[in-house]
Amino acid sequence: QVQLVESGGGLVQAGGSLRLSCVASGRTSSTQTMGWLRQAPGKQRELVAATSGGSTNYADSVKGRFTVSRDKAKNMVYLQMNSLKPEDTAVYYCAAGRFQFTGGSWQVDFRGQGTQVTVSS
């Protein structure tokens with residue numbers, strides 16, 4: 001099992017920035033791929049960003065604004081979010097393991113409890 005704990009969410013005005021952090025513990029050998037999902041009220045869970053073996057992938061809606069990075073020595077993954085928009089408001093989940101798009105939503109092996117990000121207009 002892998003435990004993931006997020007931090008860094010909060011309330012920010014549109015145009016502002018936030019940095020999310022996530023620390024992994026347990027069977028970290030299963031965390032080849034790590035990243036972030038988000039889910040807004042009434043919407044399916046979507047992939048925000050993921051990193052694996054030096055490559056990164058981003059949702060089109062966050063490209064150029066968000067950056068995912070990883071510190072393998074510390075078992076941490078980060079999400080730097082700049083130029084935030086009200087539509088970025090969601091619960092953000094740290095995720096690790098296999099990422100699968102099933103039934104219109106992203107599923108992962110391991111997911112944290114989530115941290116709320118609210119962007120006011």
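The largest pocket holds about 160 Å³ of space. A pocket here is an open set of points on a 1 Å grid over the protein atoms alone, where a 1.4 Å probe fits, with protein on both sides within 12 Å along at least five of seven lines; its volume is the space filled by probe spheres set on the points, which are joined across faces, edges and corners. Of its 13 lining residues, those closest to the centre are Arg38, Lys43, Glu46, Ser61 and Glu87; a lining residue has an atom within 4 Å of a point.

This is a predicted model, with pLDDT of at least 70 needed for local features and 80 or more for side-chain atom pairs, while totals for chains, interfaces and linings use all residues. Residues are numbered from 1 along each chain as its sequence is written, and side-chain values use heavy atoms, without hydrogens and water.

Now strand β4, residues 33-39. Strands are DSSP runs of E, at least two residues, numbered from the N terminus. In β4, 6 of 7 residues are buried, meaning under 20% relative accessible area with a 1.4 Å probe, protein chains only. Strands pair if DSSP finds at least two bridges between them. β4 runs antiparallel to β5, residues 46-52, with 6 bridges, and antiparallel to β9, residues 90-102, also with 6 bridges. On the β9 side, tryptophan 36 stands opposite cysteine 94.

Where does threonine 33 sit? Threonine 33 is in β4, and is buried at 18% relative accessible area. Its bridge partner in β5 is serine 52.

Definitions and conventions
Buried means under 20% relative accessible area, exposed over 50%, partly exposed in between (1.4 Å probe, protein chains only). Helices (H or I, at least four residues) and strands (E, at least two) are DSSP runs, numbered from the N terminus.
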